[in-house]
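Welcome! Let us take a short tour of this structure, one piece at a time. Have the view open and follow along as you read.

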Amino acid sequence: MRNIKLVEVRSEIAAGTRGASLGIDALKIASLDKKSDFFTQFEPINVADANNYLWKGNKFPHAKYIDGVYQVLKNVYSSIESLRLDKKFPIVLAGDHSTAAGTIMGIKAANPELRLGVVWIDAHADLHTPYTTPSGNMHGMPLAMVSQLDNKECQVNQPDEETLLYWERIKKIGGDQPKIDPKDIVFISVRDTESPEDFLIKKHEIRNFKTSEVREKGISQIANETLEILKDCDQIYISFDVDSLDSSISVGTGTPVPDGLTVEEAIQLNAELIKDKRVCCWEIVEVNPTLDTENTMAENAFEVLEVTTKSLVENF
């Protein structure tokens, strides 16, 4: 069995709606309803969040709660770095997607000489910066953070000095260099982007397998092509945002978008991708039970989590 460690990150500070911090416990309730022993199999660690910053009010319109986000990312980074140095396989259960930046920073810090590829299964590209964000929500920025992108070519905002000070600090967590090359990102089912993100996707030739292509080619072919694009990477990190699922089934998440994956497609895709021996970390994010009825999203997400973990264990 891979030396799996569950990492629980109850952060919701970077999301636009409240409630993602409850997603992990919603997954646990779903496991109980399913009579699964999943959460007894693996020892979890809890990473400290900074959700208390939400009570203080936001001072940074172009990067909301960036002072708290900075704290969380440092916490996630150090936890993941320690686990990877200890040869553990982190399965990360997180609230808002900004914490993925800390995960990537930790993976890279543990093995700085290894080239890291990213499979981003999401409705969104998450390539915004304080200079380009339309909302200020930092769960739309993690891939820009770890690629050290500002995208000033598409600047629409004028962030203040303190915002930019924190932004520079965030980009330097785990070392002052890009943790990934943007061309080592593969998007699957990304379908809700803004023009500054489209600019970066085109500039860096980032491949995006749209939902229609997933259906047309089949899961196995998409997984093969994804791993082929990342063939020169030594390690691979997979991040699964539940809003990659179609909005008809993804009510329990902050930013649902039509034309997404079915639960079955998500299960097959993650279970197939995680068989690759280079995969060193898998993550699931953005379950928000406060937006849901009868914990439906968490039940679907738990199924993805359980089957993907089983595939990881069986193919070690």
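This is a predicted model: local features need pLDDT of at least 70, side-chain atom pairs count only at pLDDT 80 or more; totals for chains, interfaces and linings use all residues.

## A helix across the strands

Now for the strands themselves. Eight of them form an open sheet with parallel pairing, and their order is β2-β1-β3-β8-β7-β4-β5-β6. At the edges sit β2 (44–47) and β6 (207–209), each of which pairs on one side only. From one strand to the next, the twist averages 20 degrees. As a general point, strands of a sheet pair through backbone hydrogen bonds, either parallel or antiparallel.

How many residues of β8 are buried? Seven of the seven are, so β8 is largely enclosed by the rest of the structure.

Two strands pair with β8. Three bridges link β3 to β8 in parallel, and here V92 stands opposite E283 of β8. Strand β7 also runs parallel to β8, with six bridges joining the two; in this pair, I236 faces V279 of β8 as its opposite number.

## Helix α7, with two faces

Helix α7 covers residues 195–203, and P196, E197, L200 and I201 are buried within it. Viewed down the axis of α7, these buried residues fall within an arc of 140 degrees, so they line one face of the helix. In general, an α-helix has 3.6 residues a turn, so residues three or four places apart point the same way.

What do the buried residues of α7 pack against? They pack against β5. On the face turned away from that buried side, you will find the exposed residues S195 and K202. After α7 comes E205, with a positive phi near 55 degrees.

## Two helix pairs

Returning to α11, we can look at its neighbour α10 (residues 263–273). These two helices pack at an angle of about 25 degrees, with their axes 8 Å apart. That angle makes α10 roughly parallel to α11, and their crossing is right-handed. On the α10 side, the residues taking part are V263, A266, I267, N270 and A271; they meet N300, E303, V304, V307, T308 and S311 in α11.

The other pair is α3 (residues 66–85) with α6 (residues 161–171), whose axes come within 10 Å and cross at roughly 15 degrees. The helices α3 and α6 are therefore roughly parallel to each other. Here, though, the crossing is left-handed. From α3, I66, D67, V69, Y70 and L73 meet T163, Y166, W167, R169 and I170 in α6.

## A last stop at E225

E225 belongs to helix α9, which covers residues 219–229. Which residues does E225 contact, leaving aside its neighbours within four places in sequence? They are R207, F209 and K217. Two of these, R207 and F209, lie in the range of the edge strand β6 (207–209).

For a sense of distance, compare E225 with I107: they are 118 residues apart along the chain, and their C-alpha atoms are separated by 23 Å.

Key: Residues are numbered from 1 along each chain as its sequence is written. Side-chain values use heavy atoms; hydrogens and water are left out. Two strands pair if DSSP finds at least two bridges between them. Helices (H or I, at least four residues) and strands (E, at least two) are DSSP runs, numbered from the N terminus. Axes are lines fitted to C-alpha atoms, for helices over the stretch in contact, and angles run from 0 to 180 degrees between N-to-C directions. Buried means under 20% relative accessible area, exposed over 50%, partly exposed in between (1.4 Å probe, protein chains only). The arc is that of the directions from the helix axis to the C-beta atoms. Contact means heavy atoms within 4.5 Å. Angles under 35 degrees count as roughly parallel, over 145 as roughly antiparallel, 65 to 115 as roughly perpendicular and the rest as oblique. A crossing is left-handed if the near helix is turned anticlockwise from the far one by less than a right angle, and right-handed if clockwise.
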